[in-house]
Amino acid sequence: MQVSNATIAATRFGFGPLLGEAARDVSVDALLESIGVPDPVETRHALADLPTRMDHLTRYRKARKAERSLDALKAEFRAMVRGDFLASLLRPLSSAAPLRERLVLFWADHFTVAANGRPQTLLASSSVEEAIRPALAGRFPDMLRAVFTHPGMLVYLNQAGSAATGSRMGKRRGGLNENLAREALELHTLGVDGSYGQADVRALAEALAGLSVGEAGFRFRAALAAPGPVEVLGKRYDGKAGLARTTALLEDLALMPQTARHLSRKLCVHFLGATPDDLIDAMARAYLRHDGALMPVYEVLLSHPQAWSPPGSKVRPPLEYVVAILRALGAPEAGIVGLRRRDLQNALIRPLTAMGQPPGRPGGPDGWPEDGAAWITPSTLAARITFAVGAVERLGDGIEPVAFLRDTLGDLATPALQFAVAGAETRSEGLALTLASPQFNRR
């Protein structure tokens, strides 16, 4: 099948075209440029900052302890959670830089912080907003450090109270926690196939002790940290317990060749659904040659012939599927922002949950699945079709099905699908056929 670069760019590296705007040709240089420039939509749908969230958690904890009324604080919490969800939907819906938003989703999943419980629910979105989004076009070592010094990851993986064996606090009460160290090696840097063992996990856990959380946000607590030199993966780090030593360790971990290959492979799987050895090798070389900078890695990925082969090997996860439908049907921002709490639940949150992606709640630190089979089951497929039909009923007035198919799928539309849409008995049926088609469900 001959598929234009415009269609490939909109499908593989975006969320599909907006209503009335057929996919447009875009160069590799233009895609790269779009990554590094914040889109105005980010400001239009801004999130509460970390100090606001930490202040809320402090006030909530104190109010509970004093047995005061929590009604106002619960309303404040719901408002922030609502704002977080709306931003996660409306930014990709309206963004003129969809690849930037796709990369936000990729790295947020790479550094998963699940929204379980009040603190994590407030801190998960903040972690993405303040540690990941600003580093999209920068160096991965800086992103790694930002994530590991954000309360979101530290609370999620129970790192805040982890005490090194020889630390002042460790001598009194023990309590080394290996969660962050294990995920740092297995998920965030070297990968599950990396050359490390349990002893390395333990050594890294000792070295990371001290990364903690205070009322204002991140806090390094020397009383929890290993007091003397630490050795991780065969390298010794001298000096007193302090953030500088931990930062040096994270920098080295981020710049290991295994990390370069792990990140390159994950990007290939996510965007291409394939792992060409020559491409992974080239991306890893670019990563190491440029000191962990991500833009050269993206450039190699986008410049490879595989990136411009026909899309469709990946299933759109539910959030991307919903965004693609809303873009295709021209859903207005104001209409979504104006939804009442119950209507927002019924129209968007419950359908996403039924499709298998409850907002902010992946099953574990490894994030959402990349395998399409995990997203397409009898029940989740039924939920997708139900959402597509409902979206057409609410937003499809005045949209002509054949033109909609052409603008939405371009040259991905098969002759069979074109015939079915043209022969649909009703306008709504024709629109729904496009949105429920395998071609629209894949990228």
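Leu302 sits in helix H16, which spans residues 295-303. In this predicted model, Leu302 has a relative accessibility of 2% and therefore counts as buried, the cut-off being under 20%. Apart from residues up to four places away in sequence, Leu302 touches Phe13, Val28, Leu31, Leu32, Leu99, Ala307 and Trp308. Leu435 lies 133 residues from Leu302 along the chain, and the C-alpha atoms of the two are separated by 27 Å.

Charged side chains come next. Side chains of opposite charge can pair when their charged atoms come close. The structure holds 26 salt bridges. One of them joins Arg102 to Glu320, with the closest N and O atoms 3.7 Å apart. Arg102 belongs to helix H6 (residues 98-110) and Glu320 to helix H17 (residues 318-328), so this pair ties together parts that are 218 residues apart in sequence. Arg102 is buried, with a relative accessible area of 0%, and Glu320 also counts as buried, at 4% relative accessibility.

Another salt bridge is formed by Asp291 and Arg139, whose closest N and O atoms are 3.2 Å apart. Distant parts of the chain are linked here too: Asp291 is in the loop between helix H15 (277-289) and H16, while Arg139 is in the loop between H7 and helix H8 (140-148), 152 residues apart. Asp291 is partly exposed, with a relative accessible area of 37%, whereas Arg139 counts as buried at 19% relative accessibility.

Glu370 and Lys314 meet through their side chains in a salt bridge of 2.7 Å, N to O. Glu370 lies in the loop between H19 and helix H20 (378-395) and Lys314 in the loop between H16 and H17, so the pair ties together parts that are 56 residues apart in sequence. Of these two, Glu370 is partly exposed, with a relative accessible area of 29%, and Lys314 counts as buried at 5% relative accessibility. Elsewhere, salt bridges link Glu42, Arg91, Arg100, Glu101, Glu129 and Arg133 in a network.

Arg118, in helix H7 (residues 117-132), is buried yet has no salt bridge. The nearest side chain of opposite charge is Glu76, 7.6 Å away, and a salt bridge needs the nitrogen and the carboxyl oxygen to be within 4 Å. Leaving aside neighbours within four places in sequence, Arg118 is in contact with His56, Leu57, Tyr60, Leu73, Lys74 and Phe77.

Lys74 also belongs to a positive surface patch, together with Arg64, Arg78 and Arg341. Arg341 is found in helix H19 (residues 341-354) and is exposed, with a relative accessible area of 57%.

Definitions and conventions. Residues numbered from 1 in each chain as written. Predicted model: local features only at pLDDT ≥ 70, side-chain atom pairs only at ≥ 80, totals over all residues. Heavy atoms only, no water. Patch = residues over 30% accessible without salt bridge, like charges linked within 9 Å, V, L, I, M, F, W, Y side chains within 5 Å. Areas by Shrake-Rupley, 256 points an atom, 1.4 Å probe, with all protein chains shown as cover. Lys, Arg positive; Asp, Glu negative; His and termini not counted. Charge placed at Lys NZ, Arg CZ, Asp CG, Glu CD. Helix = DSSP H or I, 4+ residues; strand = E, 2+ residues; numbered from the N terminus. Buried < 20%, exposed > 50% of the residue type's maximum accessible area, 1.4 Å probe, protein only. Contact = heavy atoms within 4.5 Å.
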